[in-house]
Amino acid sequence: MTRPLRARIDLQALAHNFSVARNAAPNSRIMAVIKANAYGHGMAIIARHLVNSGYHTLCVAHVTEAAELMDADGRWVGGDATLVQTGD
């Protein structure tokens, strides 16, 4: 038997978490790890929100995930943020 599953991503909570981290380490650059399509929640949407919230660097595990963060014109959706790939 399966039950319907819903996941809710609170974008305001993401922004709040960044604010807490920024206050704890005001001179640091903060990296958010987004992988596996942001755990199934839409990597491009989450990436844009994180960058707009102030994250300087986003990290993915694989080059195919990095490719998912390009727009139709081949531009990185994160604007001036840095994209880091940690895997193969």
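There is one aromatic pair in this predicted model (rings of Phe, Tyr and Trp, the last by its six-membered ring, pair if their centres lie within 6.5 Å; planes under 30 degrees apart are stacked, over 60 edge-to-face, the rest tilted). Phe 18 sits in helix α1 (residues 11-24) and Tyr 55 in the loop between α3 (43-53) and β2 (57-60), so the pair ties together parts 37 residues apart in sequence. Helices (H or I, at least four residues) and strands (E, at least two) are DSSP runs, numbered from the N terminus. Both Phe 18 and Tyr 55 are buried, meaning under 20% relative accessible area with a 1.4 Å probe, protein chains only.

Tyr 55 turns up again in the largest nonpolar core, among the residues with the most contacts inside it. Such a core is a set of buried Ala, Val, Leu, Ile, Met, Phe, Trp, Tyr and Cys residues joined through side-chain atoms within 4.5 Å.

Now for Thr 57, which is part of strand β2. Thr 57 counts as buried because its relative accessibility is 11%.

| Residue | Touches |
|---|---|
| Leu 69 | Ile 34, Met 43, Ala 44, Ala 47, Val 60, Arg 75, Trp 76, Val 77 and Leu 83 |
| Thr 57 | Arg 29, Ile 30, Met 31, Ala 32, Thr 82 and Val 84 |

Residues are numbered from 1 along each chain as its sequence is written. Local features need pLDDT of at least 70, side-chain atom pairs count only at pLDDT 80 or more, totals for chains, interfaces and linings use all residues, and side-chain values use heavy atoms, with hydrogens and water left out.

Definitions and conventions. Buried means under 20% relative accessible area, exposed over 50%, partly exposed in between (1.4 Å probe, protein chains only). Contact means heavy atoms within 4.5 Å. Lists of a residue's contacts leave out its neighbours within four places in sequence.
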